[in-house]
Amino acid sequence: MPSSAMAPNAHGIQQRSFNPYTENGGSIMAIAGTDFCVIAGDTRQSEGYQIQTRYKPKVFRLTDRATLATNGFAADAEALVSRIKQRLEMYRHAHGSSMPIAGIARMISTILYGKRFFPYYVYNILGGLDEQGKGAVYSFDPVGSYEREFCRAAGAAQSLLQPFLDSQVMFKNQLSTPQRKLPEPGTMKLDEVLKLVMDSFTGATERHIEVGDGLEMFVVRTPPAEGQTSQAGSAISTDLQAWGAVEALGGEDEQEEQAVVVIRRELKKD
Amino acid sequence: MSIMEYNGGSVVAMRGKNCVAIASDLRLGNQALTVACNFDKVFPITERVFIGLPGLASDLTTLREKFRYRVNMYKMKEERDIQPETFAHLVSSTLYEKRFGPYFVEPVIAGLSSPDAPEPNEPFIAASDLIGCLNFAKDFVVSGTASDKLFGMAEGLWEEDLGPDELFETISQTLLGALERDALSGWGAVVRVM
């Protein structure tokens, strides 16, 4: 037999492949307070050097007490969020109330681990209020490992944002003195946290090409106790209308007014 | 793993009002294994010019000797100390000389111009990539394995016209914060303020 007949064809062996994943840039972060939580993300979606859109939200209201930020592969994020919302609605039909945030966190973990060998290529940060009305942040890896924290950044500019949060939220590398006692992490005022988030993202926008266009900051706040008016200094008494806050959309439940609001800011577009 | 991350280490420099600061970590590693905790990466060139050399430690030693030689020759011929900006261009051309077989070092230069220079006592900082592309920044420059973390910290903490004490605090917090999040840098730090 002639040796040429042994070869598959004149061009040699052919290979085909399909990569089911891509990376869509962007960054997210969340910071917990005593009676509130801020969950933020930029609104740029990109692939390589190409901007696909300047406004694609990646922070979603789930319930009156839980908001989810997703980052990574946008198609997986979309599939995951719709599945989470579906599960939350099922829970509500079965129990007549919204799932508490610790439950949502565990549920997200099991959903992610359910695809352990073909993962959702998404980094998630769940922010909101726990059952005591305290601010809560849960962060996840793509296969469901999770942890509760005071603050967390994820996504393209994670390495720029997280050390800054360590410094300004956790007060790392700072010492308490009699003149200036260091505050406990997670006890900052809402307006301080909002300023910090805006500074973080403008900084990340300067130095990271995948971050920019717009910023969405979701604020989840503890409502005043039954039959009481809100106390001065509490997050719910903070006037977020002045910041341009509007009621946040989405979620499986009916909204309590001012419980979840969103503040939109412009970021540099280049 | 990239050769630039073989030994680990980071340097940052910042400009203030009539002052500059340059800081580095002290770690020397062999990939994940820490070998030394007293490995300063910043060296004096003249009384008023310093260079930080994060990257491959063997190239750091080679370049330090090379710059000592070239700056000594400069001083003998010119009968004066080299200015920070001139030195930055010397660094750049020294690195570009080896364009196709580079030294794996990304230098940071900080200094004050001499009192009898055309612009006396002017703070100066610059950074270069491994083949000599200079970056003259007015605010801060970063380099090394924690460079992205340093960018995030510096972008948030740095402001214009800081005095020497404020600049010391700013550069220290910037470096410390970045080192905490970088596995290849840390194990102590040195800050120099001019």
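1. The largest cavity holds about 50 Å³ of space, and the structure has 1 cavity of 30 Å³ or more. Here a cavity is a set of points, on a 1 Å grid over the protein atoms alone, where a 1.4 Å probe fits but cannot get out, with lining residues having an atom within 4 Å of a point. Volume is the space filled by probe spheres set on the points, which are joined across faces, edges and corners.

2. A caveat before going on: this is a predicted model, where local features need pLDDT of at least 70 and side-chain atom pairs count only at pLDDT 80 or more, while totals for chains, interfaces and linings use all residues. Residues are numbered from 1 along each chain as its sequence is written, chains are lettered from A in the order in which they are written, and side-chain values use heavy atoms, leaving out hydrogens and water.

3. Both chains line that cavity: A:Leu160, A:Leu161, A:Phe164, A:Asp199, A:Ser200, A:Gly203, A:Ala204, B:Gly152, B:Glu155 and B:Gly156. α4(A) gives the largest share, 4 residues (helices are DSSP runs of H or I, at least four residues, and strands of E, at least two, numbered from the N terminus).

4. On to the interface. Chains A and B each put 15 residues into the contact (heavy atoms within 4.5 Å). They bury about 1300 Å² between them, 56% of it on carbon and sulfur atoms; that is accessible area (1.4 Å probe) lost on being put together, summed over both. On the chain A side, A:Pro163, A:Asn173 and A:Arg207 lose the most area to chain B, together 42% of what that side buries.

5. A:Arg207 turns up again in a salt bridge with B:Asp139, at 3.9 Å, N to O. The count between the chains is 3 salt bridges (a side-chain nitrogen of Lys or Arg within 4 Å of a carboxyl oxygen of Asp or Glu).

6. Now the largest pocket, with about 480 Å³ of space. A pocket is an open set with protein on both sides within 12 Å along at least five of seven lines. Of its 21 lining residues, A:Ser167, A:Gln168, A:Gln174, A:Arg180 and B:Leu157 lie nearest the centre. α4(B) supplies the largest share of the lining, 5 residues.

7. The second largest pocket has a volume of about 300 Å³. Among its 15 lining residues, B:Glu85, B:Glu119, B:Glu122, B:Pro123 and B:Phe124 are the closest to its centre. β8(B) gives the most to this lining, with 3 residues.

Technical notes: Buried area is the accessible area (1.4 Å probe) that two parts lose on being put together, summed over both.
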